Amino acid sequence: MAESEQGQPSAVALAPAAIEAAVEATAVKKAALPAAKAFVLAMFAGAFIAFGGLYFMVFISDPNLSWGVQRLAGGICFCLGLVLVLCCGAELFTGNSLMACGVASGKVGAGRVLRAWAIVWLGNFAGSLLVVALVYLSGIYKLNGEAVAHTMVSVAAGKVGLSAAEMFFRGILCNLFVCLAVWIGFASKTVTDKVVGILLPISGFVACGFEHAVANMFFLPMGALMHASGYGADAAGAALLAAPGIALNLATVTLGNILGGAVLVGLGYWFAYGRKAV
C-alpha cells in the first residue's frame, strides 16, 4: 500500500505505473507457488466463476424479462465470480495472463509462467466440474418449473454453435475486459473499490456475449449434462454439446483469452510503463 506524507498507509489508488510494477511482482510470486497450493487455489477460482455463471443463468431464466434487462442485470450477477476471486484469494487462469508482464521484465522465466498457467487452467476446470456436480445433485436446475435447466442448455449450445473464428475473437475481447478489471483490482485499496471497479468491465463482457474459458468450463459441461438429461432438445446448437464441441470451444477461447489478456493488456501496459528506456 502506498504511504502518505506522514508515513501512514494511504487509501489513494495506485497510478498506472505502480500497478504495472505490482503486476510484475505478483507474477514472480504466482510462478513460485507450489503446484499443490496453486491447484487448490485454482479450484477455488473455477468454483467462484461457476457460482457467478449459475447466478447469471438463474436470473435470466425469467421469460418476462426483456433482452436488454437480461443482458445488463445478468452481467451484474456474473460479477459475483471475479468479486470472490479478487477479494477472497484464488488463482484464475484468465487474470493470470497478466503474468506476461513479469516475463517481459525478465523477472520470471517464460517456462515457469507456462507451467503456472497449465496448473491453474487444470485447477480451474476441476473446480468448475465440482460445481457442476453440486448443482446437479442439489436439483437447482429444476427452479422456475425447470426453466433453469433449459437456460443451461441454451447458453451452452449458443457457445459451441459459434464458428471457431467467432470463439477466438470473442475470447480476445473477453480477456481484454477481464484483465482490465483485474488491473483495476490492483489499483484498489478497499473491498468496495474492488467490487465497484469490477462491475462495469465484467458485466460489459457478459452483456456483449464475449467468451471466457473458465466460465465455459462450467457453462458447457452443465449444458451438456442437462441436454443428456432430456432438457433443451430444441435449442440451436444443442447437438454440438459433446466432448469434441466442448474441447474445440475451450481450446479456441483459451488461445483468444491469452492473446487478449497477456499480449494486448499485459504486454501493452508493460511497454507503456515497465519497459526501460534505451
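Predicted model: local features only at pLDDT ≥ 70, side-chain atom pairs only at ≥ 80, totals over all residues.
Trainee: What about Cys79, buried or exposed?

Mentor: Cys79 comes out at 2% relative accessibility. That is under the 20% cut-off, so Cys79 is buried.

Trainee: How do you know how many disulfides the structure holds?

Mentor: The count is 0. Take Cys77, which is in no disulfide: the nearest cysteine sulfur belongs to Cys79, 8.7 Å away. A disulfide needs two cysteine sulfur atoms within 2.5 Å, so at 8.7 Å the sulfur of Cys79 is too far from that of Cys77 for a bond.

Trainee: And what is a disulfide, in plain words?

Mentor: It's a covalent bond joining the sulfur atoms of two cysteines.

Trainee: Let's move to Lys30. What makes Lys30 buried or exposed?

Mentor: Its relative accessible area is 18%. Buried means under 20%, so Lys30 is buried. Lys30 sits in helix 1, which covers residues 16-31. Leaving aside residues up to four places away in sequence, Lys30 touches Glu91, Asn96, Met99 and Ala116.

Trainee: Why is Leu129 called partly exposed?

Mentor: Leu129 has 38% relative accessibility. Buried would need under 20% and exposed over 50%, so Leu129 counts as partly exposed. You'll find Leu129 in helix 6, residues 110-138.

Trainee: Which residues does Leu129 touch?

Mentor: Not counting residues up to four places away in sequence, Leu129 touches Met217 and Pro221. Look at Gly46 too: Leu129 and Gly46 are 83 residues apart in sequence, yet their C-alpha atoms are 8.3 Å apart in space.

Trainee: Is Val191 buried or exposed, and what makes it so?

Mentor: The relative accessible area of Val191 is 54%. Exposed means over 50%, so Val191 is exposed. Val191 belongs to helix 9, residues 191-207.

Trainee: Zooming out, how many helices and strands does the protein have?

Mentor: There are 11 helices and 0 strands.

Trainee: How do you know whether the radius of gyration agrees with that of a compact globule?

Mentor: For 278 residues, a compact globule would have a radius of gyration near 19 Å; the protein has 19 Å, so the two agree. The C-alpha atoms fill a box of roughly 60 × 35 × 30 Å along the principal axes.

Trainee: What share of the residues is buried?

Mentor: Buried residues make up 50% of the 278. As for contacts with a separation of 6 or more, 85% of them involve residues 24 or more positions apart.

Trainee: And what about the surface?

Mentor: The accessible surface is about 12200 Å², and 70% of it belongs to carbon and sulfur atoms.

Note on methods. Residues numbered from 1 in each chain as written. Heavy atoms only, no water. Helix = DSSP H or I, 4+ residues; strand = E, 2+ residues; numbered from the N terminus. Rg over C-alpha atoms; globule rule 2.2 N^0.38 Å. Buried < 20%, exposed > 50% of the residue type's maximum accessible area, 1.4 Å probe, protein only. Contact = heavy atoms within 4.5 Å. Areas by Shrake-Rupley, 256 points an atom, 1.4 Å probe, with all protein chains shown as cover.
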